[in-house]
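This report describes selected features of one protein model. Please look at the sequence and the structure before reading on.

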Amino acid sequence: ACVIGLVILYGVLGKTFLLATVLLPVLVIAIILVLALKNTFLMWIMPICVNEETRVSKAIGKSFVLGGKNFGRAFLGSFLLYLLDFIAVMIGLFFSLGAGLIIILPAIPVVNTAFSVTSYYQSEKLRYYINEFTIVNPR
């Protein structure tokens, strides 16, 4: 709802071509900030459910606690993640005339999930299981 409000505000404020051109990067950054803020508190749900074998409702509560405790690192990481997602989509869209999106769009959820699991393991100081002989501690 907040992203839709930002787009509507952009439509209201961008009456001229020059103003719309100047406001477009501001809109993109504002949308990325809103999505990063949402991700800061909600990215922990899936790793909590999988690792602790708990209900989703309990995982949502713990997700907000972890998001609050790790706000700075999680928000910055989420912001950079969404910024890189946006840049990858733009590169795939323009430089390959849209053909690159066939690879980039399915890769975005995989990268975002890997980021959420890695962030969860680092915040909880859990070990990464590589194989039966290799278990790595987070730094």
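## Two helices side by side

The axes of helix H5 (residues 71-94) and helix H6 (residues 101-123) come within 10 Å and cross at roughly 170 degrees. H5 is therefore roughly antiparallel to H6, a label used for angles over 145 degrees. Axes here are lines fitted to C-alpha atoms, for helices over the stretch in contact, and angles run from 0 to 180 degrees between N-to-C directions. Helices are DSSP runs of H or I with at least four residues, numbered from the N terminus.

This is a predicted model, in which local features need pLDDT of at least 70, side-chain atom pairs count only at pLDDT 80 or more, and totals for chains, interfaces and linings use all residues. Residues are numbered from 1 along each chain as its sequence is written, and side-chain values use heavy atoms, with hydrogens and water left out.

## Where H5 meets H6

Contact means heavy atoms within 4.5 Å. On the H5 side, the residues that meet H6 include Arg-73, Ala-74, Ser-78 and Tyr-82. On the H6 side, Phe-115, Ser-119 and Ser-123 are among them. By class, this contact has 12 nonpolar, seven polar and two charged residues. Ala, Val, Leu, Ile, Met, Phe, Trp, Tyr, Cys and Pro count as nonpolar, Asp, Glu, Lys and Arg as charged, and the others, Gly among them, as polar.

## Ser-123

Ser-123 lies in H6. Its relative accessibility is 16%, so Ser-123 counts as buried (under 20% relative accessible area; exposed is over 50% and partly exposed in between, with a 1.4 Å probe and protein chains only). The side chain of Ser-123 reaches the backbone oxygen of Tyr-120 at 3.0 Å. Beyond its neighbours within four places in sequence, Ser-123 is in contact with Trp-44, Leu-66, Asn-70 and Arg-73.

## The largest nonpolar core

The largest nonpolar core has 10 residues in all, including Met-43, Trp-44, Leu-66, Ala-74 and Tyr-120. Such a core is a set of buried Ala, Val, Leu, Ile, Met, Phe, Trp, Tyr and Cys residues joined through side-chain atoms within 4.5 Å. Helix H3 (45-52), helix H4 (56-69) and H6 each give two or more residues to this core, and H3 gives the most, with three.

Ile-29 is found in helix H2 (residues 17-42) and is partly exposed, at 37% relative accessible area. Ile-31 also lies in H2, but is buried at 18%. Leaving out residues up to four places away in sequence, Ile-31 touches Val-3, Leu-6 and Val-7.

How values were computed:
A polar contact is a pair of N or O atoms within 3.5 Å; within protein, one must be able to donate a hydrogen and the other to accept it, and residues adjacent in sequence count only if both atoms are side-chain atoms. Angles under 35 degrees count as roughly parallel, over 145 as roughly antiparallel, 65 to 115 as roughly perpendicular and the rest as oblique.
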